[in-house]
Amino acid sequence: MGVLMSRRQTVERVQKVSLAVSAFKDGLREQPSTRRRAEAGTSRRGTLEQEVQEGEEEASAGPSQPEESSASKAAWERLRDGRGVEPEEFERANRFTPPAFIRPKRELHDDEPPDISLEQREQILNDEMCEICEVWTAESLFPCRICHRVYHDGCLRRMGYLQKDSTVEVTETAHTETGWSCYYCDNLNLLLTEEEMYSLMETLRNCKIIPETCLTLDDFLHYKHLVHKQQFERPMAEAQEEQAALQFNALDPDKKGHIEWQDFLSHESIQLLQKLRPQNALLRLLTPKERERARAAFLALDQDNDGFIGEGECRQARHTWFRKHQKEMLSCNVSISHVGPISEGSPASSRNGKSPEILPATKQEEARTIDWAGFLRENVAYILAARPNSAALHLQPHA
């Protein structure tokens with residue numbers, strides 16, 4: 001008995017097969033078929049219908065708020081939906097519409113402590129077929145260092161997720177221990193639920209933050225002052241302002257004088273997760289690859305194998321975990337591990353010729369010990385914050 005497929009399923013299957021063929025014939029441009037033009041027309045009609053519906057909703061809402069420009073409205077919609085560049089902004093030739101992101105939902109058991117054993121190692125298995133075209137081509141697939149997905153570089157380019165200037169970086173890092181994060185894992189904002197996203201959008205609107213723009217130090221500090229005053233109804237202390245300035249420097253590793261929008265959004269997303277979710281819920285966000293890296297880091301610090309490490313060692317791991325390759329190192333065939341503290345002799349231990357500044361542990365810190373469960377709870381936010389490919393530190397560890 002045959003299996004019946006809807007027209008939409010048939011179209012999606014045809015798209016994936018066509019994309020696979022295009023990936024193997026990179027550089028050859030084929031004329032779009034009648035089917036492709038029909039699909040584009042259908043997509044265009046759907047877009048027009050959506051715009052008409054949105055226009056009717058805006059008209060019914062009334063002029064309660066000042067009118068925004070169409071570009072500003074589109075930016076807020078992309079922020080709400082977790083999208084990057086709109087498909088309409090891509091060149092239509094050899095392009096496919098990116099998948100719609102579905103925000104997660106909180107489950108009833110999320111707040112319960114998860115069972116993450118130190119002794120029981122987890123088997124890490126990547127998918128066998130490309131996430132986009134569902135075709136297997138062995139070594140030409142690029143694995144994500146966070147999740148199980150794998151991709152063709154040609155598929156990533158045709159989806160608009162891989163630009164020419166980043167192709168070499170992905171090629172050279174995807175198969176190293178540093179690794180490369182796919183477009184799902186690279187965007188920390190996709191960890192937020194719809195309710196959490198609306199909360200963040202409301203905060204950004206109230207603080208007059210314009211989506212998809214860069215922020216200077218003055219913009220960043222002004223935003224932090226407003227958020228602190230709204231939350232605690234008192235001005236930010238001088239020490240807190242200094243900490244915010246340190247976070248800005250961590251988000252601007254190249255010293256450009258501003259931070260990129262995506263880095264700012266990732267930082268605010270991880271801050272909101274820390275504020276709204278308990279640590280047990282954050283632990284459930286960790287993937288098997290991240291849990292394995294955490295095990296390796298803890299075991300490397302636990303020299304006497306008693307199941308405990310010092311607080312100073314835990315704090316040191318917070319500063320040295322998941323350091324990315326520096327751009328000038330990408331041409332070197334050196335694999336730099338990011339699963340644990342980086343030694344002084346490691347190529348990753350220097351930034352512009354200087355060792356990372358890590359304050360020595362106090363006697364009180366050396367006296368306090370931390371077990372495996374405590375190690376995970378205290379570091380889970382930093383592990384999640386290390387997902388993006390950007391060299392920025394999206395959560396600056398406290399000194």
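## Second largest pocket

The second largest pocket holds about 950 Å³ of space. A pocket here is an open set of points on a 1 Å grid over the protein atoms alone, where a 1.4 Å probe fits, with protein on both sides within 12 Å along at least five of seven lines. Its volume is the space filled by probe spheres set on the points. The model is predicted, so local features need pLDDT of at least 70 and side-chain atom pairs count only at pLDDT 80 or more, while totals for chains, interfaces and linings use all residues. Residues are numbered from 1 along each chain as its sequence is written, and side-chain values use heavy atoms, without hydrogens and water.

## Lining of the pocket

The lining of the second largest pocket consists of 34 residues, each with an atom within 4 Å of a point. K224, V227, Q231, H267 and Q271 lie nearest the centre of this pocket. Two or more lining residues come from each of α6 (194-206), α7 (217-232), α8 (238-251), α9 (261-276), α10 (279-283) and α14 (372-385). The largest share, 8 residues, belongs to α7. Helices are DSSP runs of H or I with at least four residues, strands are runs of E with at least two, and both are numbered from the N terminus.

By residue class, the lining has 14 nonpolar, 14 polar and 6 charged residues. Asp, Glu, Lys and Arg count as charged; Ala, Val, Leu, Ile, Met, Phe, Trp, Tyr, Cys and Pro as nonpolar; the others, Gly among them, as polar. Domain 2 (188-276) and domain 3 (277-323 + 368-398) each give at least three residues to the lining, with bounds from an automatic or database domain assignment.

## Nonpolar cores

The largest nonpolar core has 49 residues, and L79, L204, I209, F264, W372 and F375 touch the most other members. Such a core is a set of buried Ala, Val, Leu, Ile, Met, Phe, Trp, Tyr and Cys residues joined through side-chain atoms within 4.5 Å; buried means under 20% relative accessible area with a 1.4 Å probe and protein chains only, exposed over 50%, and partly exposed in between. The largest share of this core, 9 residues, comes from α14. Domain 2 and domain 3 each supply at least three of its residues.

F264 touches L204, I209, L215, F220, Y223 and I259 (heavy atoms within 4.5 Å), leaving out residues up to four places away in sequence. Another core, of 22 residues, lies apart from the largest one and includes L141, F142, L156 and Y183.

## Positive phi in two loops

K255, in the loop between α8 and β4 (258-259), has a positive phi near 55 degrees without being a glycine. K255 counts as exposed because its relative accessibility is 58%.

N305, in the loop between α11 (288-301) and β5 (308-310), also has a positive phi, about 55 degrees, and is not a glycine. At 64% relative accessibility, N305 is exposed.
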